[in-house]
Amino acid sequence: MEINKFESIENIELNYLKIEDYNDLKNAMIEAYSNLPNMLWREHHIKTLVHKFPEGQIALRVDGELAGCALAIVVDYEKFETKHTYNEITGNFGFDTHTNEGDVLYGIDIFIRPKFRGLRLGRRLYDYRKELCEKLNLKGIVFGGRIPNYHKYAETLTPRAYIEQVRKKEIHDPVLNFQMSNDFHPVRILRGYLEGDKESKEFAVLLEWDNVYYEKRSNKAEIKKIIVRLGLVQWQMRLYKNLDDLMQQVEYFVDAVSGYRSDFALFPEFFNAPLMSEYNHLSESEAIRKLAEYTEEIIQRFSKLAISYNINIITGSMPEVIDNNLYNAGYLCKRDGGIERFEKLHVTPDEVKVWGLQGGKKIQSFETDCGKIGILICYDIEFPELSRILAEEGINILFVPFLTDTQNGYSRVRNCAQARAIENECYVAIAGSVGNLPKVHNMDIQYAQSMVFTPCDFSFPTNGIKAEATPNTEMILIADVDLDLLRELNQFGSVRNLKDRRTDIYSITHHDI
């Protein structure tokens, strides 16, 4: 059979390998491993593999003829993570190293017959392995890759230098080039890996592919959220008689977004500012300290709402006095009853001058039942270092409660928030207030358009906007975000902003104060 044109192929299929395939397999191995005659699998080897792990043994046929094969087992990687040989990983070819309780798919062989090469058939076998790895919820795929051209350079290059030159395309190695082009990355050199491999000088490269969908096994009765629903409250500034009146409006919105089964409710910065109207006869700095007296009770009421409506609430922010210092702080009230504090780190010149606000000292991410999140208050989103620190901690969603009076101020928040979504491969949700408060000094007018931003790649909206509210209108905004898309973006995106950082020439440091 001669393969000269793609048009001559009528059927390509992958099937589980059967013991009845052994004669075809043997002949294929003789062709593929003509320079490694001792690499031929015996019939009892194949029988054992098929019995122990049928899903891992795959035959690729072209028009009914065996064209290639892939063999794999599942291992407890902790036992082999450091140096190991081919004999050790296969249990001296008895495959007792295979365990259904393992966490890594280990590739023990893969080949394409010479006359079928050039058709990218090997990629199909690797793609099958990746799909199997995801299906079995394994951490990734690992194998020892031969470097068959190394013998030509062994006198002048170490294995490490050889691999680096292959990576830079200065040396061509057909096996290693192919593996790296299929998203496998070198981890370490294995010395004495495959006995008798003269071409590789018995060296191999340990290669890994990480399963971005892997979820650590847990005994807890919980469901891992992949699609997370966000509820943003675009809050109307209006006068309220008292705290009960204000919290009645808060509960109205919590009820509304939880009615749509939202996982989070996001309120704006200083949403409780209308309560300062009672103190309008005082100076601005005195009035906001009076407003801070409500904060503790508001937090407790938010926490009760989070529990009773089964929703995580980001309270926006409120003034808070600690040791006679005035801060702008907010709280994450979780539906499981937990309460965590966040604070505004950068205060604007006006906030310092008029209110005497001080910047906070702590930046942190938060664990929730929907994954790790970050929260930055208004002006903080204009400092890209903060969101990058949170991204390095593994956040998926960044929430930004804000308060802006003019379109200029809003545009700064909006444009910086969208940039943070692209830079950090995460979703960014911003929520602000609208309307006016003529009886509250320094809070006269508001401008906002609440939005949910995404990265910009094929799996996301082309303009990077998942959802947007009507400008300057009281309303709620509901949007679903898919966390799996972020994992794919991080590994396979058109650009990879987190992976491609030049940390060899710059870095961001985080100081605890």
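**Exercise 1. Which residues in α7 meet which residues in α9?** Then classify the packing of the two helices.

*Solution.* The model is predicted.

Step 1. List the contact. On the α7 side stand Leu243, Asp244, Met247, Val250, Glu251 and Val254. They meet Glu297, Ile298, Arg301, Phe302 and Leu305 in α9.

Step 2. Sort by class. The contact of α7 with α9 has 7 nonpolar, no polar and 4 charged residues.

Step 3. Take the geometry. Helix α7 spans residues 243-259 and helix α9 residues 295-308. They pack at an angle of about 30 degrees, and their axes are 11 Å apart.

Step 4. Classify. Angles under 35 degrees count as roughly parallel. α7 and α9 are therefore roughly parallel to each other. The crossing in which α7 passes α9 is right-handed.

**Exercise 2. Classify the packing of α4 and α6, and name the residues of their contact.**

*Solution.* 

Step 1. Helix α4 covers residues 121-135, helix α6 residues 174-181. Their axes come within 11 Å and cross at roughly 50 degrees.

Step 2. Apply the cut-offs. Roughly parallel needs an angle under 35 degrees, and roughly perpendicular needs 65 to 115. α4 and α6 are therefore oblique to each other. Their crossing is right-handed.

Step 3. α4 contributes Gly122, Arg123 and Tyr126. α6 contributes Phe178, Gln179 and Ser181. By class, that gives 2 nonpolar, 3 polar and 1 charged.

**Exercise 3. Classify two aromatic pairs, Trp41 with Tyr86 and Phe270 with Trp355.**

*Solution.* 

Step 1. Start with the total. The count comes to 27 aromatic pairs.

Step 2. Trp41 and Tyr86 lie 6.5 Å centre to centre, with 50 degrees between the planes. Stacked needs planes under 30 degrees apart, edge-to-face over 60. This pair is tilted.

Step 3. Trp41 sits in the loop between α1 (22-32) and α2 (43-52). Tyr86 belongs to helix α3 (residues 86-89). The pair links distant parts of the chain, 45 residues apart. Both Trp41 and Tyr86 are buried.

Step 4. The ring centres of Phe270 and Trp355 are 5.4 Å apart and the planes stand at 90 degrees, so this pair is edge-to-face.

Step 5. Phe270 is in the loop between β9 (264-266) and α8 (284-291) and Trp355 in helix α10 (residues 349-355), so the pair ties together parts 85 residues apart in sequence. Phe270 and Trp355 are buried.

**Exercise 4. Which residues form one aromatic cluster?**

*Solution.* Trp235, Tyr240, Tyr252, Phe253, Phe267, Phe271 and Phe302 make up the cluster.

Conventions. Residues numbered from 1 in each chain as written. Predicted model: local features only at pLDDT ≥ 70, side-chain atom pairs only at ≥ 80, totals over all residues. Heavy atoms only, no water. Axes fitted to C-alpha atoms, helices over the stretch in contact; angles between N-to-C directions. Helix = DSSP H or I, 4+ residues; strand = E, 2+ residues; numbered from the N terminus. Parallel < 35°, antiparallel > 145°, perpendicular 65-115°, else oblique. Left-handed = near helix turned anticlockwise from the far one by under 90°. Contact = heavy atoms within 4.5 Å. Nonpolar A, V, L, I, M, F, W, Y, C, P; charged D, E, K, R; others polar. Phe/Tyr/Trp six-rings, centres within 6.5 Å; stacked < 30°, edge-to-face > 60°. Buried < 20%, exposed > 50% of the residue type's maximum accessible area, 1.4 Å probe, protein only.
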